[in-house]
Amino acid sequence: MDHFTKQYINGNWKLGSSEKNIENVNPYTGQKIVTIQSANKKDLDEAFQAAKVAQPKWANMTVAEKQGYFQKLVDVMMAEKDGIIDWLIKESGSTHLKATIEFDSALGVVKESMSFPTRMAGSILPSIFPNKENRVYRIPKGVIGVIGPWNFPFHLTMRSVAPALATGNSVVIKPASDTPVTSGLIFGMLFEKAGFPKGLVNVVVGKGSEIGDEFVIHPIPKLISFTGSTEVGRRIGENAGKNLKDVALELGGNNVMIVLKDANIERAAKAAVFGKFLHQGQICMALNRIIVDKEIHDDFVNEFTKLVSQLKYGDPSDQSTFVGPVINKEQIERIQKDLNESIQQGAELIYGGKVEGCLMQPTVLKNVTNDMPIAQNEIFGPVAAIIKAENEKEAVEFANDSQYGLSGSIFTEDRHHGVELAMKIETGMIHVNDQSVNDEAHVPFGGEKDSGIGRFNGEWAMEKFTTVKWIGVQSGYREYPIF
């Protein structure tokens with residue numbers, strides 16, 4: 001684990017060249033895990049240059065060779081599973097359940113990506129000219145820059161890295177400062193153990209103030225993949241646009257569960273608890289607002305609160321814990337501000353709200369209105385906001401009254417009507433009779449409005465990480481009208 005104090009560049013572990021350090025802290029205990037000497041612009045350029053050199057050789061390898069490397073990666077991941085889960089628990093505050101879900105999701109992405117080399121299909125199109133055919137080839141973009149998040153650091157970083165490599169690209173990863181290992185350096189270890197060529201995967205850990213903008217505007221990467229806040233994503237998009245770079249941005253969410261009057265209250269409440277409090281609500285897809293028809297509102301609130309009161313919160317290393325710590329004190333303070341302002345505006349705290357360090361008791365609010373801070377802002381914490389709707393029409397209006405459009409949920413006994421209603425919600429993903437936290441490696445993942453640009457997973461990831469080239473082939477010489 002000594003390597004996790006160093007950068008991983010061109011197959012070598014080296015100290016960062018910056019004078020600054022990144023302190024890696026356990027959010028539950030507050031204890032320092034490791035100190036990493038930061039990378040600076042020199043290190044960043046070295047990483048991008050290494051990726052540029054490695055990429056053409058990798059792209060020209062046979063399908064069998066690439067898939068062989070991916071099979072080794074699967075084997076290494078399985079061998080390192082316990083260590084990866086341990087790192088997720090101590091670095092990101094993940095509970096054992098959440099860390100296991102995260103590992104399995106990342107493994108699913110790798111297995112799905114393993115099929116990409118055989119799916120890089122082109123096409124032959126007819127021509128308007130005689131004796132000519134138009135060949136369209138799908139080729140890698142080149143070097144991909146991946147900026148990892150801190151909430152689902154391992155899975156969400158792998159969700160970009162594996163498809164990028166499988167489609168013939170090389171990558172440079174800049175992990176989140178709160179999770180420099182699980183969204184960054186652990187990838188150096190895994191790909192090194194799997195024997196991937198040097199320079200193909202590089203990891204630079206550095207302060208955003210020192211290398212953040214440079215990571216995006218550097219001339220080598222052709223696409224920047226980022227998962228994180230809309231505020232930061234907007235800045236990345238602006239910098240990328242100025243430099244004519246493509247982006248894949250998966251940003252914030254304000255996801256709703258609409259519970260219709262014919263819903264199974266017990267099933268809806270169980271789903272809502274899972275979709276709200278998994279990983280303390282620190283998931284872009286987590287339920288932000290639970291909108292309940294007035295006819296069943298009180299019964300739902302009672303059932304939901306009863307279930308929340310049974311959740312164990314505390315030490316994430318305890319396998320019975322469901323709600324662990326929030327990532328840092330700044331996030332706790334932000335959540336408390338929105339919570340207190342909403343209570344001042346008329347929301348009623350009916351359960352929870354206690355805070356100790358970075359640990360927040362699961363919290364339930366009712367009498368929330370859609371204009372309160374706790375409803376309009378992305379909570380990203382263990383606070384459930386329940387809103388009463390007069391009818392289905394008002395529920396849809398509430399759902400769409402947001403700058404975000406990532407995921408969502410509808411509970412009804414009439415699943416066909418649920419689909420009709422889902423079509424009215426302005427969101428990239430929505431689930432009937434399920435909660436909002438879903439991600440499958442072969443299904444398109446992404447949002448609308450301020451929730452991002454592009455889609456991850458499956459054929460949609462293949463399209464995002466590649467470009468197409470048209471090669472016209474004339475089998476007989478053309479006649480031109482000027483001769």
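Is Asn433 buried, partly exposed or exposed, and at what relative accessibility? In this predicted model, Asn433 has a relative accessibility of 34% and therefore counts as partly exposed, since the partly exposed class lies between the buried limit of under 20% and the exposed limit of over 50%. The residue is placed in the loop that runs between β21 (431–432) and β22 (448–449). Its backbone is marked by a positive phi of about 60°, although Asn433 is not a glycine.

A positive phi is also found at Asn457, another residue other than glycine, where the value is near 85°. Asn457 is located in the loop between β23 (452–453) and α15 (458–464). Its relative accessibility is 3%, so Asn457 counts as buried, the limit for that class being under 20%.

Aromatic contacts were examined next. The structure holds 15 aromatic pairs. One aromatic cluster is formed by Trp58, Tyr69, Phe70, Phe191 and Phe196. Tyr69, a member of this cluster, also has a charged group over its ring: the charged end of Lys72 sits there, 5.4 Å from the ring centre. A further arrangement of a charge over a ring involves Arg159 and Phe445. Here the charged end of Arg159 lies 4.5 Å from the centre of the Phe445 ring.

Conventions. Residues numbered from 1 in each chain as written. Predicted model: local features only at pLDDT ≥ 70, side-chain atom pairs only at ≥ 80, totals over all residues. Heavy atoms only, no water. Helix = DSSP H or I, 4+ residues; strand = E, 2+ residues; numbered from the N terminus. Buried < 20%, exposed > 50% of the residue type's maximum accessible area, 1.4 Å probe, protein only. Phe/Tyr/Trp six-rings, centres within 6.5 Å; stacked < 30°, edge-to-face > 60°. Lys NZ or Arg CZ within 6 Å of the ring centre and 35° of its normal.
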